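My entries follow the display.

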Amino acid sequence: MKIYSTRHGQTEFNRKELILGTTDIELNETGLRQAEELAEKVAEFGEIDLIIASPMKRAMKTAQTVAAKTGLSIITDERLREWDYGRYEEQSRFAEGFAENKVNFGVRMGVTGESLLQFSHRVYSALDDIIEKYSDKTVLIVSHGGVCRVIETYFHNMTNEEYSGWFMGNCQLIGYEIN
């Protein structure tokens with residue numbers, strides 16, 4: 001089995017370097033173009049059987065763009081929605097305490113959001129189910145930067161520093177082999 005992971009196309013929050021978790025916004029023009037480029041790349045691969053996506057607008061539009069180009073079906077999974085950043089939502093990515101909060105697994109993000117432990121559990125359970133249900137398929141997961149970071153930890157060990165500094169570009173594509 002192979003899983004490809006991608007982050008949705010760019011949004012205005014991404015462009016302005018604002019924290020974007022539970023706010024459900026659309027792609028901007030750059031993001032729409034990135035989704036089209038991703039769709040071309042996936043069509044060239046010709047090996048993906050199924051798309052599993054976060055139900056959030058930015059991820060769904062990216063997934064729908066790929067599906068329109070490739071004819072693939074989309075399954076949504078709530079567990080792939082972005083991290084609930086609590087009170088950090090819509091603040092600068094450089095907000096005081098945000099970077100430190102991101103690696104403290106037992107601390108709720110922005111006081112009212114999800115802890116890294118809760119968030120990782122949610123994403124890991126989605127991956128476990130995807131691997132179990134679609135072991136004979138090649139799957140494209142369309143999600144969010146935080147989710148992509150957790151997916152990376154599922155397949156590769158990371159220190160807290162590596163986790164904190166790991167970044168997935170908009171519509172970047174990473175493949176993982178499952179034996």
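The entries below record what I looked up.

I worked on a predicted model, in which local features need pLDDT of at least 70, side-chain atom pairs count only at pLDDT 80 or more, and totals for chains, interfaces and linings use all residues. Residues are numbered from 1 along each chain as its sequence is written, and side-chain values use heavy atoms, with hydrogens and water left out.

Helix α5. I took helices as DSSP runs of H or I with at least four residues and strands as runs of E with at least two, numbered from the N terminus. Helix α5 spans residues 116-133. I noted as buried (under 20% relative accessible area, 1.4 Å probe, protein chains only; exposed is over 50%, partly exposed in between) Leu-116, Phe-119, Ser-120, Arg-122, Val-123, Ala-126, Leu-127, Ile-130 and Ile-131. They cover an arc of only 165° around the axis (directions from the axis to the C-beta atoms), which puts them on the same side of α5. The face turned away carries the exposed Leu-117, His-121, Glu-132 and Lys-133.

Arg-58. I located Arg-58 in helix α3 (residues 57-70).

Backbone. I found a positive phi, near 70°, at Val-111, which is exposed at 57% relative accessible area. Cys-171 has a positive phi of about 60° and is buried at 9%.

Technical notes: Expected span 1.5 Å × (residues − 1).
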